[in-house]
Amino acid sequence: MTLHRCFILLLTLLLSPMLLASALNAEPGAEPEAVPTALPLLTLNNPGDYSTGLHSLWLEDPAAELDASTAMAASGWQLSDRDSLNFGFSNSVFWLQLPLQNLTSQPDWALWIHYSLLDLTEAWLCPQPITAISQCHYQQSGDLQPFSSNRAIDHPNTILPLLLQPQQSYVLLLRIKTQGTFQIPANLMDADTLQDKLLTSNLLRGGYYATMIVMGLYNLFIFFSTRERSYLYYSGFVLSFLLFHMVYEGSAFQFFWPDTPRINEFALPIFFALNMLIMSLFVPNFLALKQHSAGAFRLFRVYSALILVSVLMLPLLHYQAMVQIHNLLSITLTASALVVGIRFWARGHAAARYFTIAWAVLITGLILANSRSLGLIPTNVFTLYAYQIGSFMEVILLSLALGERIMQLQKDQLKARQELMQSQEDAIQYLRDYEDLYQNSLTGKFQLDGEGYFSKTNPAWRTMLGYTEQRYFNADNPRFNSLFTDTAERKAFWKKLKENGRVQAYVVSMTQPVTEERIMVSLTMRKGSNAENAALFGSGQDVTEDYLKEQALIQLQKEKTQSLRQLVMGIAHEMNTPLGNIRMAETFLNDNNQHWTLDEQQQHLRQGLEFIHNGTERLNELNQLMKSAVVQENQYAGELLLLRPWLQNWQQEHQKQDEKLQLRTAVHSYLVDWPTYPEALQIVLDQLLENSCIHNQELHEAGKLKVTVEFRERGDYLELHYRDNGKGVDKDQRDAIFMPFYTTRRTVARHKGLGLYQTYNLLTELLHGHVEWLDTEEGGFALMVRFNLPLPERNTPAEPQPVTDLVEQITNDKDKNDNGHGE
């Protein structure tokens, strides 16, 4: 509510001169008074400056039909009661009479009208007594005629030289016509005083113009250096205000278009509107209204729109109406700026203090200038140039305010720059940390461009694809789609990515470009945003080992299921015959014993018992075979095996038992001893050798069966290679021969198909070996078993340990090798 009252008060102060002028201007429309019998004679007693307002008579000519003779003879002349005549806006023509008498010895005088926007001023200097108008000296001036042709003295104001003979009386008759306001602040002065006044006026005008130009251009240059928009608006405000002031004062007509007076008809409203438009942009920018007061910001935007509309309406409206509209807009805009400045000053904005004082000084100058024009205050140097002084002080204070604001902005910018530098340092550190994580991540990370080529990769991804160095990868730069092994897999991957925008842990098969090895990769990928450089971001993990383990587990489960099925079927098959014989003997003895004689009973009883005994023995044998096929660690003793002597002894024993067999053994290793289960190893080799002899009986009988048993050390593994030159095993039967009760010669098979089943269990479960089939050009049965080789046992002779410790050590070393931590 206080701000509203303040705004209303300011409008009242600014509008009061105009309201007063309107009230005073009502006099021309009143009934004319009689010409006073005693004319207000202006007596020039001494050289100096004389105000003419209170010594003048005025007459309104609404139809503009009077000439000099009829005007002087007309009735209705009125005596002025103001020191400075102001009739406001009117379409009439006004006549003035100034009776004067020169009692000095100075003949050279001049009438100075301190208002330059009068269209036409005609003057008749008539000596007294006057008998005819032709006796008068005539001259004219105004801004609708070329400057050089109607100005006796080169000055923006109207200055009429008067030749007043000493001790002579005159009547100065003036006819004034204009589209603007009828302001006639006139002074009569001698030639010496005129020169002094002109010198003072020129000095003040020159200083004022120079200051305004310097301030405007200086801030314009600052804008070009800093690109701070406040300097541009301030420079535009100062320079446009200077142009408006030069038009108002008449200097623009004097210096810029002296031979084109028609420009004066629209120069004032155009430059007035230009200054107000820049002011409506400068104030919101200077006070940052958009950030601090959205309502005030919108208000000044409305002012800008109204000013532009008024300019567009300039060809449609009369000059008087346009000037009045611009005056009202200027007063409202200036008052609004002052009120907003006071409000921001109260909020503690330092720059608003200078801004408010500057606007208050300008408004004070406007009020003083208007009051002097109306004759409300005396005319002196201060009141005469109050408008210029107010605008000059405003420019200086606004410059200080702008400097204060810029200093505050610089402080804020410095603080913001320091915060930005700190945030940049933090961001750089975060970026370095991220880059370090990116480059040193164990997970492969990459970025793809729009064409599907790699734009960025980390070492883990390049290593996953088989590239040892980045330059090799950059030289090759394979396309992402070319890595997919399966086309259908690739299409399914892109389809899911297109549908969801991202893919998480999608396992695909890829081929390494360098080694052409197949690997299984778990891919995670997402699309890049518009702000990101890459089209796609992804990461991948090599899950080949896990995939193979999973597939091995699936295969193992499948094999176990098949083994269980085969075991059940084998047990049922092997037990079927002895159980059938026992049941048959039991049925025969129970059903027929009543009709037998004593001898027959004894004979059939012996036969039945024999059948039962044979069946029981076969079941017992089957039970023993099944027990032996099941592996239990506590069933076998672990110890350090001297590999070469043990293998040679095993060869010699079998060679003695079977001289037809060509058996060869070898150890390709520096290994001296090996912690293992010798009894289990012997069972494995015996079963394999027996199997070779049974299934290659003809070669064996002919002495052509060759069997080779070798131990080879490869890296962290010890490999057992077993070969014979027999007929071998078909590929489709390789997985089946290790199943329980599987045999192709059941009638002659001593182990009933459980021998190789026991062998497989001993190799995989007890000895922790991995069985692989070998394909050789010679054909035959070729098997390789890979055992983990404990490193401490290889490099340092170990003391005998309990079997439980040995087994635990073997297991731990195997885990280390499986996890990639073995040496």
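Trainee: Which strands does helix H19 lie across, and at what angle does H19 run to E23?

Mentor: In this predicted model, H19 (residues 678-695) lies across E20, E22, E23 and strand E25 (782-788). Its direction is at about 25° to E23.

Trainee: What makes E22 and E23 a pair?

Mentor: Two strands pair if there are at least two bridges between them. E22 (residues 706-714) and E23 (residues 717-724) have eight bridges, in the antiparallel sense, so they count as a pair. Within this pairing, Val709 stands opposite Tyr722 in E23.

Trainee: Why are E20 and E24 called edge strands?

Mentor: The sheet is open, with five strands in the order E20-E22-E23-E25-E24 and mixed pairing. Strand E20 (662-668) and strand E24 (769-773) each pair on one side only. From one strand to the next, the twist averages 15°.

Trainee: How do you know that helix H18 packs on this sheet, and what angle does its direction make with that of E20?

Mentor: H18 (residues 643-657) touches E20, E22 and E23, where contact means heavy atoms within 4.5 Å. Its direction makes about 180° with that of E20.

Trainee: How does the reach of H4 compare with the expected span?

Mentor: H4 (residues 229-249) has 21 residues and reaches 30 Å from its first C-alpha to its last. That is close to the 30 Å expected at 1.5 Å a residue.

Trainee: What makes H4 mostly covered?

Mentor: Buried means under 20% relative accessible area, and 15 of the 21 residues in H4 are buried. Just after H4, Gly250 takes a positive phi of about 100°.

Technical notes. Residues numbered from 1 in each chain as written. Predicted model: local features only at pLDDT ≥ 70, side-chain atom pairs only at ≥ 80, totals over all residues. Heavy atoms only, no water. Helix = DSSP H or I, 4+ residues; strand = E, 2+ residues; numbered from the N terminus. Expected span 1.5 Å × (residues − 1). Buried < 20%, exposed > 50% of the residue type's maximum accessible area, 1.4 Å probe, protein only. Axes fitted to C-alpha atoms, helices over the stretch in contact; angles between N-to-C directions.
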